Amino acid sequence: MRPAKPKVSRRDFFKAGTIIVGGIAVASAFTPYDAVLIAAEKPKKGKWYGIGIDINKCIGCGKCASACKLENNVPKAPFYFRSWVEQYTIKNDGTIIVESPNGGIDGFKQSVPTNEIFKSFFVPKMCNHCAKSPCVQVCPVGATFETPEGIVLVDENYCIGCRYCVQACPYGCRYIHPDKGTVDKCTLCIHRLVKGLQPACFEICPTEARIFGDLNDPESKLNYFLKNHTCMVIKPHLNTGSKLFYNALSSEVR
Amino acid sequence: MPQHLKRLIGVFAVFIILFLILHYLLTPSSFGELGHYRAKAIPENAFKELHYAGSEQCSKCHEDIRKDKAIGFHAKLKCEVCHGPGLKHALYAGQFKAGQLPDSLLLYKPAERKDCAICHQFNAARLKIQFDTINTSMIHQINAIEHNPFDKITKVEFKCIECHNPHQP
């Protein structure tokens, strides 16, 4: 016995299917699918700020961390940081030790005897000002955002303090301000940028290990630094579009 | 159309209109101008108090020290690295005579051993520092505990600045 004739004929099914699939294909040619996973291209015009840090030059004085706290009125308690320094020590047997006593503000004390150290280096850390930041994507109220110049900012008056972004940031660069109850993070000292000054941590770095500049300006110090060094971002597999480039970054750094 | 559907459509219409009114009233004026955020939050972030002045400000009055510093190892060091944020000092210190500055305008004068040790204390991570190929040099490292700690006769702790001029080390 033959099965009952289906309500939709094969011809009609293919007709409708072709129209739907073809329609989507044509429509996507006009407005390409902008998946969040694809890092945004830098804008052709205007400023697009980026950061370079030379690990070879960092002497771990922690002046950047203390300057950040003084400039931005960050709470003095040793667990609120917008910018801090970590010391990585790789021992001869391969174990990795990461230290950051008070973010490096009080200086570092070498905790491992020199003959046991294979290599040791300082890594200054701060907000990466990602082009497609995970912290911006998770904000439920639109209180954190990327400015047209590529700075990730927080709208203090709009933040509800839900802490999603603190968890989303893969670099641990956000904290809840104990007095305000809202999230707080590096602003790339935008209040200094508008006055034509450098951000505080770049201003005071004694060895010029930190380079700040405009990625859109081919003449900028930062582009010179990127051309002349082998630079890498932290956690490139996350495709955050990080704009903080380290020279001589070891694979141990997380 | 059945009676109950008509009522349902009415209820939905009321809720949608209510939502649109609330949405209009609760959305801040500049929201969505540049993206899914309040555009006015950028100037709010950009107008905050400054603390660091920048080294150009210092040399306006302290030109002698800038000249001293320019020929030493600390030539590239900015004044505020050691002396701390000095915008208030730069703005208002000119109104006072030398030596009569109020305490709130005085800058920190690092004189203790720990102030110098923060950069110059021996640390394995500071060993391999090699500056630009033009200016190949290493940071001078000492062991702050062993490096001339006491006067051998009076047993008073030496300060680094008694032997080294910090502006021209």
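## A strand tucked inside

Four of the five residues of strand β9 (residues 210-214) of chain A are buried, so this strand is largely enclosed by the rest of the structure. Here, buried means that 20 or more other C-beta atoms, placed from the backbone, lie within 10 Å of a residue's own, while 12 or fewer makes it exposed and anything in between partly exposed. Strands (E, at least two residues) and helices (H or I, at least four) are DSSP runs, numbered from the N terminus.

A word on what you're looking at: this is a predicted model, where local features need pLDDT of at least 70, side-chain atom pairs count only at pLDDT 80 or more, and totals for chains, interfaces and linings use all residues. Residues are numbered from 1 along each chain as its sequence is written, with chains lettered from A and ligands numbered from 1 in the order in which they are written.

## The sheet around it

β9 belongs to an open sheet of four strands in chain A, ordered β9-β1-β11-β10, with mixed pairing. Its edge strands, β9 and β10 (231-232), each pair on one side only. Two strands count as paired if DSSP finds at least two bridges between them.

Strand β1 (residues 49-54) of chain A meets β9(A) in the antiparallel sense over five bridges, and A:Y49 sits opposite A:D214 there. With strand β11 (residues 244-247) of chain A, β1(A) runs parallel, joined by four bridges; A:I53 has A:Y246 as its bridge partner.

What about helix α1 (residues 10-30) of chain A? The expected span is 1.5 Å times one less than the number of residues, so α1(A) should stretch 30 Å, and its end C-alpha atoms, 31 Å apart, agree with that.

## Where the chains meet

The contact between the chains takes 37 residues from chain A and 33 residues from chain B; residues touch if their C-beta atoms, placed from the backbone, lie within 7 Å. On chain A's side, α2 (63-72), β4 (117-126), α5 (190-193) and α6 (200-204) each supply at least two residues.

Leaving aside neighbours within four places in sequence, A:L153 is in contact with residues including A:F145, A:I190, B:A41 and B:I42.

Key:
Two residues are in contact if their C-beta atoms, placed from the backbone, lie within 7 Å.
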